[in-house]
Amino acid sequence: MRSILPVLTVVAVIVALWYAAAVAMNATWVRDQAARAGTEVSFQELVPRTLAQDRPVLPAPHQVAKGLWDGWAGQAVTSRRSLVYHAWITLSATLVGFGIGTGLGILLAVGIIHNRAMDQSVMPWAIASQTIPILAIAPMIIVVMNSIGVSGLLPKAIISAYLSFFPVVVGMVTGLRSPDRMQLDLLSTYNASRSQTFWKLRLPASMPYLFASLKVGIAASLVGAIVGELPTGAVAGLGARLLQGSYYGQTIQIWAALFTAAIVAAALVGIVGAVQAVVLKRMGMAR
Amino acid sequence: MSDAATGRPVIDARKVGLTFQTADGPVHALKDVNLSVMKGDFVSFIGPSGCGKTTFLRAIAALEHPTEGDLRVNGMTPDEARKRRAYGYVFQAAGLYPWRTIAGNIRLPLEIMGFPKPEQDRRVKDVLQLVELEGFGKKYPWQLSGGMQQRASIARALAFDADILLMDEPFGALDEIVRDRLNEALLKLWAQTGKTIGFVTHSIPEAVYLSTKIVVMSPRPGRITDVIESPLPRERPLDIRDSAEFIAIAHRVREGLRAGHSYDD
């Protein structure tokens with residue numbers, strides 16, 4: 001109870017600020033309407049009208065909540081209006097991309113720590129890859145993949161992997177290098193081979209670093225999948241909902257899709273955290 | 001036993017020198033080190049920091065490589081000896097893997113060296129008994145005190161039964177009382193196993209209490225200033241430290257350390 005009160009207070013403050021902002025930002029439209037009709041609006045009349053518009057500049061919290069509820073529970077899950085349907089489209093690309101990105105990231109990290117040439121050549125490219133805005137490169141990936149006949153989930157997954165491999169590389173390189181000189185000397189006195197050093201020391205020592213990277217990586221995967229949906233003609237997925245929403249000025253739809261993405265991201269990070277807790281506990285590394 | 005019979009030293013250093021090349025120029029960590037260690041000896045290396053005692057121990061273990069002279073371990077180069085797993089090494093910190101239980105940590109060298117599973121189990125059980133940690137095999141390192149962790153790391157070094165045990169200030173981080181108990185336990189263990197032990201310390205009482213041979217070293221460049229063959233009997237109760245003989249040896253060690261230091265401050 002002691003910890004929940006401050007949390008609720010913060011939420012309440014955010015909601016209050018949000019309502020205030022919604023009133024302030026949507027007031028212009030209400031005043032314009034009134035001016036056009038040649039009437040005056042009092043403050044008491046203004047407030048409810050700012051919170052019940054069809055296409056508000058900033059939807060009020062209860063409008064977003066209603067949008068979310070309609071999207072999640074008000075439709076059949078196979079319907080094109082269902083957020084569950086769109087979330088699943090995005091989630092599947094996210095998970096495939098996350099898998100590819102994690103695998104690639106671990107492989108690159110293993111190469112980097114074992115091979116001097118890779119250490120010096122791969123890392124600069126990996127860093128350079130992340131300085132290119134994903135919005136610029138995503139359409140090119142889609143176009144190139146389409147031209148070789150690959151479309152649908154895979155191009156989105158690749159964009160997703162493009163974002164998620166990087167934190168895994170950085171985290172795993174740090175983790176695999178985390179054993180100190182003494183630990184390595186100890187294995188040297190046993191005349192351990194490089195592969196024994198890897199499996200018995202470097203890999204287990206890197207686990208906490210891996211999970212920290214995976215949490216960043218899975219959130220990045222989701223962003224990648226959403227961005228990957230934008231240039232595909234906005235057929236399906238949370239990215240498509242965002243794009244359609246902005247085409248037609250459906251701000252409530254945009255916000256509902258945004259919140260869905262945030263909820264999915266939070267759930268994914270939570271799942272990674274739960275797996276981390278179980279794995280580290282079984283390894284004896286959690287106290 | 002044949003080594004002792006033929007009189008061939010287990011560790012034999014002749015004019016060993018070791019120079020590190022650093023950004024500030026060469027550092028002479030060891031110079032003209034001559035030393036013979038026989039089978040079953042307990043040799044302590046004592047001296048101020050920077051005297052090369054740890055470097056010499058690491059050179060025996062092939063963790064550093066002498067740049068001059070000749071160093072032999074069991075008649076081989078240190079690197080050959082390392083590849084034949086001639087020694088167990090105990091570091092200053094216990095360095096147990098946090099993701100392995102105590103038994104799992106002791107099993108580590110056995111796994112790497114490819115001992116069969118039942119043999120691993122037997123050896124783990126034996127060395128746990130030797131360091132008096134029976135019943136702690138299933139615990140994780142963080143559940144043990146510092147002294148117990150260091151005992152576990154000694155057990156790990158003993159598990160594959162190398163003839164030589166090299167210990168680099170293994171009790172340096174522990175308090176006096178725990179240290180006394182572990183010193184006693186180490187002597188008992190040495191008597192039981194008959195191993196040749198190389199032991200780095202900067203405590204005079206510890207060196208005198210434990211050793212059959214005390215090597216006094218001094219810094220810049222790291223060299224041996226005195227080698228004392230201890231006249232104390234092999235069986236040593238803790239109160240031997242109050243005997244006149246003990247005090248005489250400790251005095252000689254102190255003199256040696258002072259002589260090595262005189263020109264420097």
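How do the residues of the lining of the largest pocket divide into nonpolar, polar and charged? A few notes on that, and on the rest of this predicted model, follow.

1. **What lines the pocket.** The lining of the largest pocket splits into 7 polar, 5 charged and 4 nonpolar residues. That makes 16 residues around the pocket, with a volume of about 440 Å³. If you want to find its centre on screen, go to G67(A), D70(A), Q250(A), I252(A) and Q253(A), which are the lining residues nearest to it.

2. **Which elements supply the lining.** Two helices of chain A, α3 (61–73) and α11 (251–282), each put at least two residues into the lining. The biggest contributor is α3(A), with 5 residues.

3. **Where the pocket sits.** Look at the domain assignment for chain A here. Domain 1 (4–57) and domain 2 (83–282) both give residues to the lining, so the largest pocket lies between them.

4. **Transmembrane annotation, chain A.** The unreviewed UniProt entry places "transmembrane region" at residues 87–113, 125–145, 157–176, 209–232 and 252–280 of chain A. I looked at two of these against the model. Residues 157–176 of chain A are 100% helix and 0% strand, with the end C-alpha atoms 27 Å apart. Residues 125–145 of chain A come out at 90% helix and 0% strand, and there the end C-alpha atoms lie 21 Å apart.

5. **The annotated domain, chain B.** For chain B, UniProt (again an unreviewed entry) gives "domain: ABC transporter" at residues 13–244. In the model this span of chain B is 34% helix and 27% strand, and its end C-alpha atoms are 32 Å apart.

6. **The three-stranded sheet.** In chain B, three strands make an open sheet with the order β2-β1-β4 and antiparallel pairing. Its edges are β2 (25–37) and β4 (68–73) of chain B, each of which pairs on one side only. On average, neighbouring strands of this sheet are turned by 30° against each other, direction ignored.

7. **Pairing around β1(B).** On one flank, β1(B) runs antiparallel to β2(B), and 9 bridges join them. With 2 residues between them, β1(B) and β2(B) form a hairpin. As for β4(B), β1 (residues 11–22) of chain B pairs with it in the antiparallel sense over 5 bridges, and A13(B) has L71(B) of β4(B) as its bridge partner. One general point to keep in mind when reading side chains off these strands: in a regular strand they alternate between the two faces of the sheet.

8. **The six-stranded sheet.** The other sheet in chain B is open too, with 6 strands in the order β5-β6-β7-β3-β8-β9 and mixed pairing. At its edges stand β5 (87–90) and β9 (223–229) of chain B; each has a single partner strand, so one side of each is left without a neighbour in the sheet. Neighbouring strands here are turned by 15° against each other on average, direction ignored.

9. **One pair inside that sheet.** What does β5(B) pair with, and in which sense? The partner is β6 (residues 164–168) of chain B, in the parallel sense and over 4 bridges.

Notes. Residues numbered from 1 in each chain as written. Chains lettered and ligands numbered in written order. Predicted model: local features only at pLDDT ≥ 70, side-chain atom pairs only at ≥ 80, totals over all residues. Heavy atoms only, no water. UniProt positions renumbered as here; feature names shortened; annotations may be inferred. 1 Å grid on protein atoms, 1.4 Å probe; cavity = no way out; pocket = protein on both sides within 12 Å on 5 of 7 lines; lining within 4 Å. Points joined across faces, edges and corners; volume = space filled by probe spheres on them. Nonpolar A, V, L, I, M, F, W, Y, C, P; charged D, E, K, R; others polar. Domains from an automatic or database assignment. Pairing = 2+ DSSP bridges. Axes fitted to C-alpha atoms, helices over the stretch in contact; angles between N-to-C directions.
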